[in-house]
Amino acid sequence: MTQTSTPRFRRLLVTGGAGFIGSCFVRDVLARRDGTQITILDKLTYAGNRANLAPAEADPEQAARLRLVIGDIADPSVVGPLMAEADAVVNFAAESHVDRSILDPEAFLRTDVLGVHVLLEACRVEAEKARTGKRSGAPRFLQVSTDEVYGSVETGESREDDRLEPRSPYSSAKAGGELLARSYFVTYDLDVVITRGSNTYGPYHHPEKLIPLFVTNAIDDESLPLYGDGLQRRDWLYVADHAGAIGFVLENGAAGETYNVSGANERTNRDVVAVLLERLGKPWSLVRTVQDRPGHDRRYAMDGSKLRALGWTNRMPFEEGLAATIDWYRDNQEWWRPIKSGEWDAYYRRQYETRLAGSTEAER
Ligand code: NAD
Ligand code: DAU
């Protein structure tokens, strides 16, 4: 995270701050020890986890600047008073897993679209107060979006002004959320900025996603369900780099602008799986070819030059970040084993039981 001795915003409302990227943002901002106060609003869905905040909560100086409110961003009665106390809001809160959006789209519309609307309306109330002298300055609103809004990019790299062509219920809901945020800049002159990040990886990543699922399954010598031919391409971004870029845009981004946060690390899924098996000393025979994800986006790739021109660059090389991530899962089994039980079992059966039953050995 960028070191700033006097941060522009002292009181942050971080929605979804108990999730994967949000909690990294919170831990890193608090660790700067620059006086920033953070209120997290998080519903603690299956993906939210208080344990993600443990390092900050264990440090008395940081804990004194952190408050966790358990609640829904789609609930105006919870959001209103929190927005009244905030200098800026960073909205990480979302349903975030593509496969779950294919099984059950409704929760995605509720949080990723209607939830964003509730946050924006509360922000509008505060902006009006600022205009009438009832508070000193309107809150800045940062919407955390995704490269998936561009849809599948067969060649080249998406730029910020490219057409949005989302193809899954998840990415369509995310596109709806960010378009709504932009409309509040255009229509109500709210101070809105948007980031579109690429596939993020690192510690505290929920084990439903590719890298943590395959690492934790491999540790237990369980099958690794590779969708289709495994030649889909993703651009991988280390979580602290993604969180740092969001902090940087919060401080330096221009109102109404959107910034791609590219990892500049494009790999096929097969390549990623081969590296992680090698590091864990596990055989390729664990990998099973299973029925593909419906509507599976073949490739994501973004041009990150706009954010680089503003002064941000990623720090973590992919090989180093992936090795550190694999080691973290090997060394922190008390974090992920409880997540892979309870609700997990029903989800895993629904998503993978038939797929694994019909699977074949994956060719090397
Ligand atoms: P995550 O699923 O790990 O965390 C989401 C958090 O939001 C959880 O703590 C959950 O409890 C909370 N939440 C969900 N619904 C809520 C609601 N209605 N009210 C309050 N809190 C709620 O997600 P993540 O991977 O950390 O992603 C964070 C954001 O970044 C999302 O908006 C996602 O779309 C975006 N993003 C993620 C990636 C990635 O690769 N993980 C890449 C680009 C963008
Ligand atoms: O690109 C940014 C997006 O990256 C974020 O907006 C999403 O929140 C995040 O979940 C992620 O979406 P993906 O669908 O790309 O990530 P996931 O980890 O689910 O899958 C990565 C690739 O691995 C994808 O091509 C599907 C494949 N895959 C995934 C799983 C879970 C498999 O082959 N097998 C699996 O079991």
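The buried residues of helix 7 pack against helix 5 (98-103), helix 6 (106-131), strand 5 (140-146) and strand 6 (191-197). Contact here means heavy atoms within 4.5 Å, and buried means under 20% relative accessible area, with exposed over 50% and partly exposed in between (1.4 Å probe, protein chains only). Helices (H or I, at least four residues) and strands (E, at least two) are DSSP runs, numbered from the N terminus. The model is predicted: local features need pLDDT of at least 70, side-chain atom pairs count only at pLDDT 80 or more, and totals for chains, interfaces and linings use all residues. Residues are numbered from 1 along each chain as its sequence is written, chains are lettered from A and ligands numbered from 1 in the order in which they are written, and side-chain values use heavy atoms, with hydrogens and water left out.

The buried set of helix 7 consists of Tyr170, Ser171, Ala173, Lys174, Ala175, Gly177, Glu178, Ala181 and Tyr184. The expected span of a helix is 1.5 Å times one less than its number of residues. For the 20 residues of helix 7 (residues 169-188) this gives 28 Å, and the end C-alpha atoms are 28 Å apart, which agrees. Just after helix 7, Asp189 takes a positive phi of about 65°.

Most residues other than glycine have a negative phi.

Thr200 belongs to strand 7 (residues 199-201) and is buried, with a relative accessible area of 8%. A polar contact is a pair of N or O atoms within 3.5 Å; within protein, one must be able to donate a hydrogen and the other to accept it, and residues adjacent in sequence count only if both atoms are side-chain atoms. One such contact, of 2.8 Å, joins the side chains of Thr200 and His242. A polar atom of the Thr200 side chain also lies 2.8 Å from the backbone oxygen of Ser198. Not counting residues up to four places away in sequence, Thr200 touches Phe20, Ile21, His205, Trp236, Leu237, Tyr238, Val239 and His242.

**Aromatic pairs and charges over rings**

Rings of Phe, Tyr and Trp (its six-membered ring) pair if their centres lie within 6.5 Å; planes under 30 degrees apart count as stacked, over 60 as edge-to-face and the rest as tilted. By this rule the structure holds 16 aromatic pairs. In one of them, the centres of Tyr201 and Tyr238 are 5.4 Å apart and the planes stand at 65°, so the pair is edge-to-face. This pair links distant parts of the chain, with Tyr201 in strand 7 and Tyr238 in strand 9 (residues 233-238), 37 residues apart. Both Tyr201 and Tyr238 are buried.

Tyr227, Trp344, Tyr347, Tyr348 and Tyr352 form one aromatic cluster. A charge sits over a ring if NZ of Lys or CZ of Arg is within 6 Å of the ring centre and within 35 degrees of the ring normal. Arg100 lies over the face of Tyr347, at 4.0 Å from the ring centre, and the charged end of Lys306 sits over the ring of Tyr259, 4.9 Å from its centre.

**Salt bridges**

A salt bridge is a side-chain nitrogen of Lys or Arg within 4 Å of a carboxyl oxygen of Asp or Glu. The whole structure contains 33 salt bridges, among them the following.

| Pair | N to O distance |
|---|---|
| Lys129 and Glu126 | 3.0 Å |
| Glu128 and Arg131 | 3.5 Å |
| Asp327 and Arg279 | 2.8 Å |

Asp327 is buried at 17% relative accessible area, whereas Arg279 is partly exposed at 45%. Salt bridges that share partners also join Arg33, Asp59, Glu61 and Arg65 into one network.

Lys129 and Glu126 both lie in helix 6, three residues apart, about one turn of the helix. Lys129 is partly exposed, with a relative accessible area of 29%, while Glu126 is buried at 2%. Glu128 and Arg131 are also three residues apart in helix 6, and Glu128 is partly exposed at 41%.
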